[in-house]
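Visitor: Could you walk me through this one? I'd like to start with the overall fold and then go into the details.

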Amino acid sequence: MIAPDYKFAFIACCLIVALFSYARCYSKKEWSLLVCGLGFTLLADYFLVLSEQHLFGVAAFCFVHVFYIFRAVEFKKWMILPLVGVGVVWAAALSGGFVVFMAGLYALLFATNIFINFKTKARRPKVNFYLVMVGLILFALCDINVMLFNLTRYTGISHGFNASFTLIWVFYLPSQAFLALSALRLTKRPEFVEQEV
């Protein structure tokens with residue numbers, strides 16, 4: 001089993017890889033939002049993996065999905081509203097301890113993230129589109145195992161407990177590696193027009 005410190009270090013390395021991909025990114029807008037998303041991923045993992053503050057961790061992951069949604073669409077000024085909205089919900093949840101409510105918001109944002117990113121196939125370079133989608137699908141499989149892990153943990157059902165915990169990391173670590181590489185210009189695509197923030 002991989003130690004928590006090593007898991008956190010792996011996610012930090014993914015952020016570093018993304019940061020150093022700036023010179024070879026195919027879109028500065030997508031690169032900047034990817035880096036923001038990975039930065040909040042690292043923050044979420046600090047809360048979830050190292051300090052076990054689950055509410056803070058889920059709240060940070062909500063921001064991750066907002067940034068990834070923004071990454072997939074043309075930037076508009078109104079897009080600041082979802083960030084403010086998530087911030088307000090975050091503050092309310094933290095003050096009241098509404099873990100289930102925050103988890104519901106997270107699930108809604110994640111579903112929206114996958115749907116909107118799926119619609120970008122024609123706009124993104126093909127390789128980058130597949131890197132994003134594979135990363136998000138693995139991320140979703142990780143979260144399904146998080147749900148199963150918590151169900152077995154809190155219902156007292158021991159069957160599947162260890163398997164779910166292992167599969168969380170089997171899916172999560174590769175998902176972040178795929179996402180970290182997804183802003184790199186890996187193929188020539190002259191028709192791609194970058195959208196700046």
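This is a predicted model: local features need pLDDT of at least 70, side-chain atom pairs count only at pLDDT 80 or more; totals for chains, interfaces and linings use all residues.

Visitor: Let's go to packing. At what angle do α2 and α3 pack?

Guide: Helix α2 (residues 28-50) and helix α3 (residues 54-72) pack at about 170°, with their axes 8 Å apart; the axes are lines fitted to C-alpha atoms, for helices over the stretch in contact, and angles run from 0 to 180 degrees between N-to-C directions. That makes α2 roughly antiparallel to α3, given that angles under 35 degrees count as roughly parallel, over 145 as roughly antiparallel, 65 to 115 as roughly perpendicular and the rest as oblique.

Visitor: Which classes of residue make up the contact of α2 with α3?

Guide: The contact has 19 nonpolar, 4 polar and 4 charged residues; Ala, Val, Leu, Ile, Met, Phe, Trp, Tyr, Cys and Pro count as nonpolar, Asp, Glu, Lys and Arg as charged, and the others, Gly among them, as polar.

Visitor: Now the rings: how many aromatic pairs are there?

Guide: There are 16 aromatic pairs, counted when rings of Phe, Tyr and Trp (its six-membered ring) have centres within 6.5 Å, with planes under 30 degrees apart called stacked, over 60 edge-to-face and the rest tilted. Phe118 and Phe129 are one of these pairs, and it is tilted because the planes stand at 50°, with the centres 6.5 Å apart. This pair links distant parts of the chain, with Phe118 in helix α5 (residues 99-118) and Phe129 in helix α6 (residues 126-155), 11 residues apart.

Visitor: Are Phe118 and Phe129 buried or exposed?

Guide: Phe118 counts as exposed at 52% relative accessibility, whereas Phe129 counts as buried at 3%. Phe149 and Phe165 form a tilted pair, 5.4 Å centre to centre with 45° between the planes. Ring pairs also link Phe61, Tyr106, Phe110, Phe139, Trp169 and Tyr172 into a cluster.

Visitor: Switching topic, where is Arg124, and what does its side chain contact?

Guide: Arg124 is in the loop between α5 and α6 and counts as buried, at 1% relative accessibility. Its side chain makes polar contacts with the side chains of Glu30 (3.1 Å) and Thr120 (3.0 Å). A polar contact is a pair of N or O atoms within 3.5 Å; within protein, one must be able to donate a hydrogen and the other to accept it, and residues adjacent in sequence count only if both atoms are side-chain atoms.

Visitor: Last one: what is phi of Glu52 near?

Guide: Phi of Glu52 is near 55°, a positive value in a residue other than glycine. Most residues other than glycine have a negative phi. Glu52 lies in the loop between α2 and α3 and counts as exposed, at 58% relative accessibility.

Definitions and conventions
Residues are numbered from 1 along each chain as its sequence is written. Side-chain values use heavy atoms; hydrogens and water are left out. Helices (H or I, at least four residues) and strands (E, at least two) are DSSP runs, numbered from the N terminus. Buried means under 20% relative accessible area, exposed over 50%, partly exposed in between (1.4 Å probe, protein chains only).
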